[in-house]
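This briefing sets out selected features of one protein chain, grouped by topic. It is intended to be read alongside the sequence and the coordinates.

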Amino acid sequence: MAPAQGRLSDDADDTGGTEDNSAPPAFRQAVDALRTARLRPGIEVDPTRPPKRLAPHAYALEAAVVDGDDDLADGRLVLLHDPSGHDAWQGSFRLVTLVRAELEPEMAADPLLPEVCWSWLTGALEARDLSYGEASGTVTRAGSHYFGGLADRRPATQIEIRASWTPREGRGGVPDTAAHLAAWCDLLCQLAGLPPAPVGGPGSGSVDAGAGVVSLPQRRGPQTS
C-alpha cells in the first residue's frame, strides 16, 4: 500500500513510534486485530506515529480513500488504552478519530450537513451492531475562496469530523477493534461519496451500512469499490 503518512497536518503530538513492546496483552490483542483486519477495497491504510500524552498505550493508523491521484477522503484513527481505566471514557480503551473530505457546493450548502455527518459516524457503528459509549466530537465546515493568481479555482468547502468513543470490551477485556476499524472505513467511504457496502460477518449479520442514516447527494459521479 502507498503510505498515508503526511496526508494530515496536525501531527504536533506525534512523538513516538507505532510499536509498544511494554503493552499489556489486552492492548496487544486489540492492535493485532487492527493490523489484520480485512477492509473494503480502495482504502489505503498504514500505521503512523501515535500521540504519547493521551494514554499510557496508543496505536495509530492513517487511511485514505483514493481515486487515481486524488484523495477523496482521509483520516486518522487512534486506539488508546489505560489499564487502570479512565473515568471520562467509562472503560480502559478509547478510539479517537479525525476524518475530512472536500465537498461539492450543493452538499456544502445543506444546513443539516453537521447533523448528517455526525449521523454517518454513529450510523456506521450501529450498522455493524457495535456496542459503544461516551461518544463525543465536533463537525466543522470550512470554506475557501481564491483570489489573485488562484482566482481561477472555484470555491471549496471541507468537512472535518473529530470524534472519540469507548468501544465496549469483550472476552478478555478486549474490544472488537477490527469491526470498529471497518465501521470507521465505512464513514470514510461515505464522506468520499461512495455507495454503502453490505456489512456482514460474525455478530453483524448482513445489513446495509447506510441503513437508517440520512444521505446527502454524492460528491462525485458513481464510484466503484
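Helices, of at least four residues, and strands, of at least two, are DSSP runs numbered from the N terminus. Ala33, for example, is found in helix H1. The model is a predicted one. Its chain has 4 helices and 8 strands, and 48% of its 225 residues count as buried.

**Overall architecture**

- Read from the N terminus, the elements follow the order α-β-β-β-β-α-α-β-β-α-β-β.
- Of the contacts between residues at least 6 apart in sequence, 70% join residues at least 24 apart.

**Packing of H3 against H4**

- Helix H3 (residues 113-127) packs against helix H4 (residues 177-192) at an angle of about 145°, and the two axes are 8 Å apart.
- The crossing in which H3 passes H4 is right-handed.
- H3 contributes Cys117, Trp120, Leu121, Ala124 and Leu125 to the contact, while H4 contributes His180, Ala183, Asp186, Leu187, Gln190 and Leu191.
- Sorted by class, the residues of this contact are 8 nonpolar, 2 polar and 1 charged.

**Leu188 in helix H4**

- Leu188 also belongs to helix H4, and its relative accessible area of 0% places Leu188 in the buried class because that class covers values under 20%.
- With residues up to four places away in sequence left out, Leu188 touches Ala63, Val65, Ala73, Asp74, Gly75 and Val99.
- The C-alpha atom of Leu188 is separated by 9.4 Å from that of Trp120, a residue 68 positions apart from Leu188 along the chain.

**Salt bridges**

- Side chains of opposite charge can pair when their charged atoms come close.
- Glu62 and Arg76 are both buried.
- Within helix H1 (residues 25-36), Arg35 and Asp32 are about one helical turn apart because they are separated by 3 residues.
- The side chains of Arg35 and Asp32 meet in a salt bridge of 3.8 Å, N to O.
- Arg35 is partly exposed at 41% relative accessible area, and Asp32 is partly exposed at 40% relative accessibility.

- Beyond residues up to four places away in sequence, Ala33 touches Thr177 and Ala178.
- The C-alpha atoms of Ala33 and Val174 are separated by 10.0 Å, although these residues are 141 residues apart along the chain.

- Thr166 lies in strand E6 (residues 156-167) and counts as buried at 2% relative accessibility.
- A polar contact of 2.7 Å joins the side chain of Thr166 to the side chain of Arg94.
- Leaving aside neighbours within four places in sequence, Thr166 is in contact with Trp89, Gln90, Gly91, Phe93, Arg94, Ser131, Tyr132, Gly133 and Glu134.
- Ser92 is found in strand E4 (residues 91-103) and, with 11% relative accessibility, counts as buried.
- The side chain of Ser92 makes a polar contact of 2.6 Å with the side chain of Glu169.
- Not counting residues up to four places away in sequence, Ser92 touches Leu80, His81, Asp82, Gly85 and Glu169.

Terms used:
Residues numbered from 1 in each chain as written. Predicted model: local features only at pLDDT ≥ 70, side-chain atom pairs only at ≥ 80, totals over all residues. Heavy atoms only, no water. Axes fitted to C-alpha atoms, helices over the stretch in contact; angles between N-to-C directions. Left-handed = near helix turned anticlockwise from the far one by under 90°. Contact = heavy atoms within 4.5 Å. Nonpolar A, V, L, I, M, F, W, Y, C, P; charged D, E, K, R; others polar. Buried < 20%, exposed > 50% of the residue type's maximum accessible area, 1.4 Å probe, protein only. Polar contact = N/O pair within 3.5 Å; in protein donor to acceptor, adjacent residues only side chain to side chain. Salt bridge = Lys/Arg side-chain N within 4 Å of Asp/Glu carboxyl O.
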